[in-house]
Amino acid sequence: TPTPYEVLVGVNSNKTAIVPQVTPTCALKYYLDIQKAWVERRNYIQESQFPNGSGDQFCSCFRQWGHTTGNVMNSIANQSLEQAMIRESSACVTSRLLQEGCLRGSTWDNRYTAEDCRHNIAKYYKSTSLRIIQGRDDYIHSFAWMTIQAQQSVDLSTCYVFPHDPAQRYIFLDLLTHTAMRGVQVRVNIDLMTVESSMIKSAFRAQQKGAKNAAVSRDGAATPFSFLDCLPLVCPPMSEETRNSFTNGLDLLQEIMQRALAVPDGKYQVRFWCARDAQDGYRIKNHSKCAVFDGKNESAVAFIGGSNVVPTMESGDADCDMIVSGPVATEVGGTFDHLWDCLDTEPSMKEFEQEFSPYEEEKKLESAINLLPHQSWLDTNATVALLRSNPSSSGEDVILRQILGVIATAQESVYMVMGHCNFPKPLAIALSGACKRGVKVKLLVNSLFSSDLRVNQRDMFLSLQQLLHIAPDVEVWT
């Protein structure tokens, strides 16, 4: 049984449009971290101008770090805050490893052997309809179409909110408000740690001048406002207030809260995820990103993948997002229900259950949501397993265990795409075994230049070095 986590519900007990604020103590700590990073960057710039090579004291990541947006302070603030988010949990893990009788490295590795992971613990959904989303505009058009078709509910979970993205603004302020006003229950779950980060770093975001729609996505197929050209005709238009960019994340969040409160009968609700590990006390980030339409219906539809609300202009089609339908979508909705219910206004200790059946016979409703007329399912007979990590200090990694079990039975190929990851030794051993069986193994990861998060680069490349030493036949692409 995983260690329970403690949900801090006070942030959602206020029924006003007030967004939870960063405490002065946390804000001061964050700003000191940002100052330290800025001084280090400035020292490098100054010292690298001299021919004596003094700039070599800085790591290559720091030396080659570019700022394509031209907003250096905002980039440095973002990196510093991302690092601060993981420092607390990292310190807890380190202290745990120093305790007597803890699961040290080799002991932990031995829990994830091929024999232990062969047993299939996941529930597979067969005959699942699945469609891979093709870029930003395709995502937004599909999302809007599903939202308009929804009859009972629209549930959205996101880790980040980007005030500079017109697509996010349109969905939060215009589309979801319109949907809630016609009687559909709308619920939005936003991680509070990233909200705090947005508040802090907004002080360093330079005011943008000139045309706001000059940017082009990474795949060259979209501009910030190009999604408006092909929205389904039944969608509400983008309001003038939504079209104008917000200065910072706090302003956008307050506007979202005000729009939600203005909808009668509580049909538009917003909650902020705030939880910590009950044993070690570090805060737990909610990284679940999904949208579920009519989730209690047996023909529910869900969006799952790596995008926060919608793909960003910077990511283009680089995130892997998909649409699933049927029982697996209903289970995604059940996961959202669990996270949402954890944030009820009475303090409590919650646990993720190992057995979970989110859809019950009496809850099934009669309706169906279809794709856009010009779209089709990539596969109507896909086999899908939905895995849910347990946010606690228990040390059990259900996702890793399942992946190792699948690798152990692979016969032809293993393809992995990981944006940010520390590849553990058991994975390297499993991939080595697959290569020896003649299985083709390819691994795609972020490079130094494509990663938007620098804090985990060193760990990722060190783990890759170990992986290639153990499994030299693995093809690694960056």
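Tutor: In this predicted model, a residue counts as buried when its relative accessible area is under 20%, and as exposed when that value is over 50%.

Student: What makes helix H8 mostly covered?

Tutor: Ten of the ten residues of H8 (residues 192–201) are buried. They are Leu192, Met193, Thr194, Val195, Glu196, Ser197, Ser198, Met199, Ile200 and Lys201.

Student: Which atoms come within 3.1 Å at the start of H8?

Tutor: A side-chain oxygen of Asp191 reaches to within 3.1 Å of the backbone nitrogen of Met193. The cut-off for a polar contact is 3.5 Å, so the distance of this pair meets it.

Student: Why is Asp265 called exposed?

Tutor: Its relative accessibility is 73%. Exposed requires a value over 50%, so Asp265 counts as exposed. Asp265 is placed in the loop between helix H10 (249–262) and strand E5 (268–273), and its phi, near 65°, is positive although the residue is not glycine.

Student: Why is Asp294 called buried?

Tutor: Asp294 has a relative accessible area of 2%. The limit for buried is under 20%, and therefore Asp294 is buried. Asp294 lies in the loop between strand E8 (290–293) and strand E9 (301–304), with a positive phi near 50°.

Student: Which residues have the most contacts inside the largest nonpolar core?

Tutor: Within this core of 61 residues, they are Phe172, Tyr268 and Phe303. Helix H7 (residues 166–181) supplies the largest share, eight residues. Beyond its neighbours within four places in sequence, Phe172 is in contact with residues including Leu156, Ile256, Tyr268 and Val309.

Conventions:
Residues numbered from 1 in each chain as written. Predicted model: local features only at pLDDT ≥ 70, side-chain atom pairs only at ≥ 80, totals over all residues. Heavy atoms only, no water. Buried < 20%, exposed > 50% of the residue type's maximum accessible area, 1.4 Å probe, protein only. Helix = DSSP H or I, 4+ residues; strand = E, 2+ residues; numbered from the N terminus. Polar contact = N/O pair within 3.5 Å; in protein donor to acceptor, adjacent residues only side chain to side chain. Core = buried A, V, L, I, M, F, W, Y, C linked by side-chain atoms within 4.5 Å. Contact = heavy atoms within 4.5 Å.
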